[in-house]
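Please find below a colleague's note on the model under review. The points are numbered so that each may be checked against the coordinates.

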Amino acid sequence: MILEAGVEYVERFGVRQLTMRRLGKELGVEAMSLYRYVHSREDLLDGIVESVVDELYSDPEVTVEPVHGWQDYLLRLAHGSRRLAQTRPQVFPLVATRPTEAPWVRPPLRSLRWVESFLAALTGSGFSERAAVDAYRAFSSFLLGHLLLEVSAMGADVGPAEEAELRPPRPADLSGYPLLREFQSLLSEDRAEQEFEEALEQLLERLETLRS
């Protein structure tokens, strides 16, 4: 109930207006009573992001396995992410910017469950470990860039994010995610420069096709 109210508050007023006191007033309770359920505003924001990302699981068009092949799986996941961003345009920038469970988890598919599902879908469809990780990175970058532009056009606040409270990183619990344990070293590699160059090259090739 608190997280649902937080999501709706951010959609109505924006994240910069969200405080425990204001949310408590919205719920008709004292702010102090909220601290029994969420320890701080930072925890509230993390919970809001997690609850919104989890909405993908209730999208009837999205599948967690490649029932009709890996391309269909990715198409459904991409369109589901877009519907989520369109439905929650003010929350989506939080999805894009809040610290993730592990440094190699990328928004907007920022839950361990979704990364595990993604890697299982692709490796089970013939992708090598390296190719599956590269696909996860490319797919995440594509979604994030397009969807942030889209919610910005819808009036979402995508300006400089509020600086998150500095907290010591918590090691992600990968006990239930065998592929994440197996692929962790690949996922942790810094390939930003190579990804940028490859994406740029592909863009130029597409533009050449348009010119022709």
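1. Basis of the note. This is a predicted model, in which local features need pLDDT of at least 70 and side-chain atom pairs count only at pLDDT 80 or more, while totals for chains, interfaces and linings use all residues. Residues are numbered from 1 along each chain as its sequence is written, and side-chain values use heavy atoms, with hydrogens and water left out.

2. The core. The largest nonpolar core comprises 57 residues, and L77, F118, L119 and L180 have the most contacts inside it. Such a core is a set of buried Ala, Val, Leu, Ile, Met, Phe, Trp, Tyr and Cys residues joined through side-chain atoms within 4.5 Å; buried means under 20% relative accessible area, exposed over 50%, and partly exposed in between (1.4 Å probe, protein chains only). Helix α8 (residues 129-153) gives the most to this core, with eight residues. Helices here are DSSP runs (H or I, at least four residues), numbered from the N terminus. Leaving aside residues up to four places away in sequence, L180 touches W104, L112, V115, E116, L119, L174 and L187, where contact means heavy atoms within 4.5 Å.

3. Helix α2. In α2 (residues 20-27), the buried residues are M20, L23 and G24. They lie on the same side of the helix, because they cover an arc of only 100 degrees around the axis; the arc is that of the directions from the helix axis to the C-beta atoms. The face turned away from this buried side carries the exposed residues R21 and K25. Cover for the buried residues of α2 includes α1 (2-13), α3 (31-34) and α4 (41-54). After α2 comes G28, with a positive phi near 80 degrees.

4. Salt bridges around R88. The whole structure contains 14 salt bridges, each defined as a side-chain nitrogen of Lys or Arg within 4 Å of a carboxyl oxygen of Asp or Glu. In one of them, R88 meets E8 at 2.8 Å, N to O. R88 lies in the loop between α5 (70-87) and α6 and E8 in helix α1, so this pair ties together parts that are 80 residues apart in sequence. R88 also meets E55, at 3.2 Å, N to O. That pair links the loop between α4 and α5, where E55 lies, to the loop between α5 and α6, 33 residues apart. R88 is buried, at 15% relative accessible area, whereas E8 is partly exposed at 38% and E55 is partly exposed at 26%.

5. A further pair. E61 forms a salt bridge with R76, the closest N and O atoms being 3.5 Å apart. E61 is in the loop between α4 and α5 and R76 in helix α5, so the pair ties together parts 15 residues apart in sequence.

6. A cis peptide bond. The bond from P107 to P108 is cis, with omega near 0 degrees. P108 is found in the loop between α6 (92-97) and α7 (112-123).

7. Exposed sites. S185, in helix α9 (residues 178-188), is exposed, with a relative accessible area of 53%. L200 belongs to helix α10 (residues 192-211) and is partly exposed at 34% relative accessibility.

Note on methods. Helix = DSSP H or I, 4+ residues; strand = E, 2+ residues; numbered from the N terminus.
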